[in-house]
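Morning, everyone. Please bring up the sequence and the model side by side.

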Amino acid sequence: MKCSVCFHHCELKEGQLGFCRARICKGGVIRAANYGKITSLALDPIEKKPLNRFHPGSLILSAGSYGCNLRCPFCQNAEISWSEEAQRFAETAEYISPEKLAATAAYYRNRGNIGIAFTYNEPLIGYEYVRDAAKLSHENGMVNVMVTNGTAELSVLRELAPYIDAMNIDLKGFTDHYYRDILGGDLEMVKSFITEAARFCLVELTTLIVPGENDSEDEMLCLTEWIAGLTNVFDGKNGNEIPLHISRFFPRFHMTDRAATDISQVYHLAEIARRNLKYVYTGNC
């Protein structure tokens, strides 16, 4: 059977896991092996997602599972994404049903919680759980947020569209080389995902600036010109109103061969981005 979630299109035999380590062929059907297996659960400030223009000052119940369909060597959540440790969560992660997650989110409403954020690992590889829990959350009058690398087919996005109110999507760089050779991803798939997502919900984007990889002025100009040129943006906005978070890299996981991004470079690239975008934020500085 062939998985239809992302560009890898893994062809799986019975019992075999895909590249993401979270989808499996079982009973002749590709399904989410990580369905409902929660590795992380926390009540976070909405700004931590980061989302600065969606219910600022609120808290949101953040839930993560395990697995990822990229191979970023600097992963900040390696313990639940694609490290050896992450693969052990298939057996040890706690199962939380969609009903229980939605009920937990509603329980914390009196603490300032506004809904559920699907985050920490890559939620799209287990989109069935996101869909089921987010639908129940909406029925409780709460909102849903997804923090994602945007590496999925538009068919997956459209299945989630009725239930997701806001996203932060990683636009990790703007060259095919960086996506293909450093991240193991597909830039065109991410661009298509962002273009479609921005039509039906509030979208904010994040770019982590890695020294020597995606830190040039020219790349930032190209990246932000593309964002500004998006059309049919949610709620009648222009593409230049899509917020961009420019974040500082720190050496970690498999990328410890360089220093953290110079703070002045992050601020400089933010100024470059502001030539094209109205809302630009800096992070990790």
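Find Leu244, which lies in strand E11. Strands here are DSSP runs of E with at least two residues, helices are DSSP runs of H or I with at least four, and both are numbered from the N terminus.

Before we go on, some ground rules. This is a predicted model, so local features need pLDDT of at least 70 and side-chain atom pairs count only at pLDDT 80 or more, while totals for chains, interfaces and linings use all residues. Residues are numbered from 1 along each chain as its sequence is written, and side-chain values use heavy atoms, with hydrogens and water left out.

Back to Leu244. Is Leu244 buried or exposed? Leu244 has a relative accessible area of 0%, so it counts as buried. The cut-offs: buried is under 20% relative accessible area, exposed is over 50%, and partly exposed is in between, with a 1.4 Å probe and protein chains only.

Which residues is Leu244 in contact with? Contact means heavy atoms within 4.5 Å. Leave aside the neighbours within four places in sequence, and the partners of Leu244 include Leu205, Thr207, Met220, Ile227, Ala273 and Tyr281. Take Thr207. It sits 37 residues from Leu244 along the chain, yet their C-alpha atoms are separated by 7.4 Å.

Now step across to Leu205. Leu205 is in strand E10. Leu205 is buried too, again with a relative accessible area of 0%. Its contacts beyond four places in sequence include Asn168, Leu171, Ile194, Pro243 and Leu244.

Strands of a sheet pair through backbone hydrogen bonds, either parallel or antiparallel. Here we have an open sheet of eight strands, in the order E4-E5-E7-E8-E9-E10-E11-E12, with mixed pairing. Why is one side of E4 and of E12 left without a neighbour in the sheet? Strand E4 (40–45) and strand E12 (280–283) stand at the edges, and each has a single partner strand, so one side of each has no neighbour in the sheet. From one strand to the next, the twist averages 20 degrees.

Look at one pair. Strand E5 (residues 59–64) and strand E7 (residues 113–118) run in the parallel sense, paired over four bridges. The rule is that two strands pair if DSSP finds at least two bridges between them. Within this pair, Ala63 stands opposite Phe118 in E7.

Helices pack on this sheet. Helix H2 (residues 98–107) touches E4, E5 and E7, and its direction makes about 145 degrees with that of E7. Helix H8 (residues 263–273) touches strand E10 (202–209), strand E11 (244–248) and E12, and its direction makes about 165 degrees with that of E11. For these angles, axes are lines fitted to C-alpha atoms, for helices over the stretch in contact, and the angles run from 0 to 180 degrees between N-to-C directions.

Another helix: H3 (residues 127–139). H3 has 13 residues and reaches 18 Å from its first C-alpha to its last, close to the 18 Å expected at 1.5 Å a residue. That expected span is 1.5 Å times one less than the number of residues. Buried residues in H3 include Tyr127, Val130, Ala133 and Ser137. Just after H3, Gly141 takes a positive phi of about 80 degrees.

Now some backbone details. E1 and strand E2 (residues 29–32) pair in the antiparallel sense over four bridges. They form a hairpin with two residues between them, and Gly27 in the turn has a positive phi of about 65 degrees. Phe253 is not a glycine, yet its phi is positive, at about 55 degrees. Phe253 is found in the loop between E11 and H8. In the loop between E4 and E5 we find Pro50. A cis peptide bond joins Lys49 and Pro50, with omega about -5 degrees.

Finally, the whole protein. How many helices and strands does the protein have? It has eight helices and twelve strands. Buried residues make up 53% of the 285 residues. Of the contacts between residues at least 6 apart in sequence, 68% join residues at least 24 apart. The C-alpha atoms fill a box of roughly 50 × 40 × 30 Å, taken along the principal axes.
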